[in-house]
Amino acid sequence: MEFILCQVENGVMTLTLNRPERLNSFNDVMHQQLADCLKQAERDETIRCLLITGAGRGFCAGQDLNDRNVDPNGPAPDLGMSVETFYNPLVRRLAALPKPVICAVNGVAAGAGATLALGCDMVIAARSATFVMAFSRLGLVPDCGGTWFLPRVAGRARAMGLALLGEKLSAEQAQAWGMIWQVVEDERLSATAQQLAQHFASQPTFGLGLIKQAINAAETNTLDAQLDLERDYQRLAGRSDDYREGVSAFLGKRAPNFTGK
Amino acid sequence: MSELIITRHGRVLQLTLNRPAARNALNNALLEQIAGALEAAAVDNGVSTCVIYGGERCFAAGADLNEMAEKDLPATLNDVRPQLWARINAFNKPLIAAVNGFALGAGCELALLCDVVIAGDNARFGLPEITLGIMPGAGGTQRLIRCVGKSLASRMILTGESITGRQAQRAGLVSDVFPAALTLEYALKQAALMARHSPLALQAAKQALRQSQEVALQAGLAQERQLFTLLAATEDRREGIDAFLQKRTPDFKGR
């Protein structure tokens with residue numbers, strides 16, 4: 001069964017979460033398939049942008065609770081195990097991937113589905129999409145990076161409200177709060193996301209990767225440490241082929257042809 | 001291609017471990033070459049500092065297990081390895097480890113033996129000997145605990161789990177962490193910075209730092225003062241102070 005549809009075209013890897021009858025909620029097999037695709041995205045230099053979206057009417061409903069039907073008389077389940085085995089490596093890998101990761105949120109994003117989306121580098125949502133931090137309603141804590149990303153994208157007050165109440169947040173509200181990049185009409189979502197992904201696939205990928213790492217590092221660095229990091233990354237960027245190409249294209253008044261290296 | 005590449009950058013000697021197929025595993029032959037290169041550098045007045053580097057992806061992933069497996073108790077008792085390590089440890093000039101990727105087992109012990117460890121952001125330090133039914137045998141249990149403290153050292157050695165370059169920096173095993181592609185450059189820069197100073201002062205200061213691990217504080221302070229006094233008899237000390245007072249760059253002669 002293919003729970004993740006993986007398509008690579010013109011430098012873009014499109015990953016579609018594909019359990020539409022279960023709102024693309026995660027089970028272990030789906031996690032493993034996603035991990036395999038990410039391995040390819042990490043190793044294949046010709047892939048210069050990653051686009052994640054969902055099949056059907058939802059984006060992702062987080063963990064499939066059918067796998068979590070707890071026997072009231074049995075021992076407590078170890079949810080930390082699945083966080084450590086699947087969700088944490090996923091978030092770490094997406095954050096460390098030195099190329100842009102776009103999330104096209106096509107419908108409801110709940111639980112780990114919501115926090116996964118908010119952790120991507122660029123989030124585009126369909127107007128009908130919603131974000132639900134459903135964890136608190138089950139007595140749980142936002143995982144998949146939720147407690148880290150939420151205050152950073154929404155600010156502390158809104159993060160607290162969203163996480164403690166667990167109420168539905170509309171795509172428009174999410175955009176108004178600066179949590180996501182863009183809201184588009186439902187029928188335009190796929191084309192808009194593809195267009196952005198294609199754009200990134202023609203850009204200086206090495207430099208984009210450094211920008212992403214630098215902005216991620218800024219979340220925990222002091223200004224001092226960040227200035228050192230900017231010096232180091234600029235030093236690396238200055239040695240890239242694309243920097244030379246960019247400058248020579250600019251001086252030659254022509255369109256640059258970036259290779260991503 | 002040699003398994004140990006020796007390069008010179010002015011007064012800085014660079015030793016590059018070059019057994020990529022074996023992830024720079026430190027077999028006796030390689031340790032012997034390192035010891036030989038350092039002994040030559042110790043008496044070479046043109047060399048002030050040395051950087052040991054393993055490449056962009058791996059520092060040294062351990063000892064050579066094939067070599068070790070062949071040795072039973074009597075053979076291990078008479079192993080030449082401790083002497084090789086002692087020869088490396090006897091190097092009297094600043095020694096910097098530039099660590100990218102894995103520094104495991106003997107690789108970690110080699111880094112611990114160096115005076116300064118500079119790490120790439122992909123570095124991992126660990127002593128996984130316990131997972132093989134053995135334990136660190138070249139200073140791992142002694143030097144690690146002295147730089148990171150009891151709890152972390154015990155955890156690493158008893159679980160065999162490695163730590164990242166950043167964790168190692170927080171714990172005090174590593175002085176700086178840089179992007180992996182820049183580790184060597186920055187290590188050479190630090191080495192060059194040291195190499196601008198008086199060679200005798202460098203050696204005396206290194207000796208004092210080493211002694212701090214060997215003796216109690218009062219004895220250490222007394223030895224420090226002796227070394228300090230020794231430097232008073234050097235031409236370089238006069239040159240260093242004169243140059244400072246005259247606001248010029250000192251020209252040290254190593255005398």
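**Buried loops and one-sided helices**

Let's start with A:Ser25. This residue is buried, with a relative accessible area of 3%. One caution before I go on: this is a predicted model. Where is A:Ser25 found? It lies in a loop of chain A, between strand 2 (12–17) and helix 1 (28–43). Now look at what touches A:Ser25. I leave aside neighbours within four places in sequence. The contacts are then A:Arg19, A:Met30, A:Ala61, A:Gly62, A:Gln63 and A:Asp64.

Next, A:Asn24. This residue is in the loop between strand 2 and helix 1 of chain A. Is A:Asn24 buried or exposed? Buried, with a relative accessible area of 0%. The backbone deserves a look as well. A:Asn24 is not a glycine, yet its phi is positive, about 55°.

Now go over to chain B and find B:Arg23. This one sits in the loop between strand 2 (12–17) and helix 1 (28–42) of chain B. B:Arg23 has a positive phi too, near 45°, and is a residue other than glycine. As for cover, B:Arg23 is partly exposed, with a relative accessible area of 45%.

Back to chain A for one strand residue. A:Ala126 belongs to strand 6, residues 122–126. A:Ala126 is buried, at a relative accessible area of 1%. What is in contact with A:Ala126, leaving aside neighbours within four places in sequence? The list is A:Val105, A:Asn106, A:Ala171, A:Val183, A:Val184, A:Asp186 and A:Leu189. Here is a distance to check on screen. A:Val108 is 18 residues from A:Ala126 along the chain, and their C-alpha atoms are separated by 9.6 Å.

Now chain B as a whole. Chain B has twelve helices and ten strands. A compact globule of 255 residues would have a radius of gyration near 18 Å, and chain B, at 19 Å, agrees with that. Along the principal axes, its C-alpha trace spans about 60 × 45 × 35 Å. Of the 255 residues in chain B, 43% are buried. Take the contacts in chain B with a separation of 6 or more: 68% of them join residues 24 or more positions apart. Charges: 27 positive and 24 negative side chains, with the centres of the two sets 7 Å apart.

Then helix 7 of chain B, residues 150–159. Buried here are B:Ala153, B:Met156 and B:Ile157. Viewed down the axis of helix 7, they fall within an arc of 90°, so they too line one face. The face turned away from that buried side carries B:Ser151 and B:Leu158, both exposed. The cover over the buried residues of helix 7 includes strand 8 (124–126), helix 6 (140–148) and strand 9 (163–164) of chain B. B:Gly160 follows helix 7, and its phi is positive, near 85°.

Key. Residues are numbered from 1 along each chain as its sequence is written. Chains are lettered from A and ligands numbered from 1 in the order in which they are written. This is a predicted model: local features need pLDDT of at least 70, side-chain atom pairs count only at pLDDT 80 or more; totals for chains, interfaces and linings use all residues. Side-chain values use heavy atoms; hydrogens and water are left out. Helices (H or I, at least four residues) and strands (E, at least two) are DSSP runs, numbered from the N terminus. The radius of gyration is taken over C-alpha atoms; the globule rule is 2.2 Å times the number of residues to the power 0.38. Buried means under 20% relative accessible area, exposed over 50%, partly exposed in between (1.4 Å probe, protein chains only). Contact means heavy atoms within 4.5 Å. Lys and Arg count as positive and Asp and Glu as negative; His and the chain ends are not counted. The place of a charge is taken as NZ of Lys, CZ of Arg, CG of Asp or CD of Glu. The arc is that of the directions from the helix axis to the C-beta atoms.
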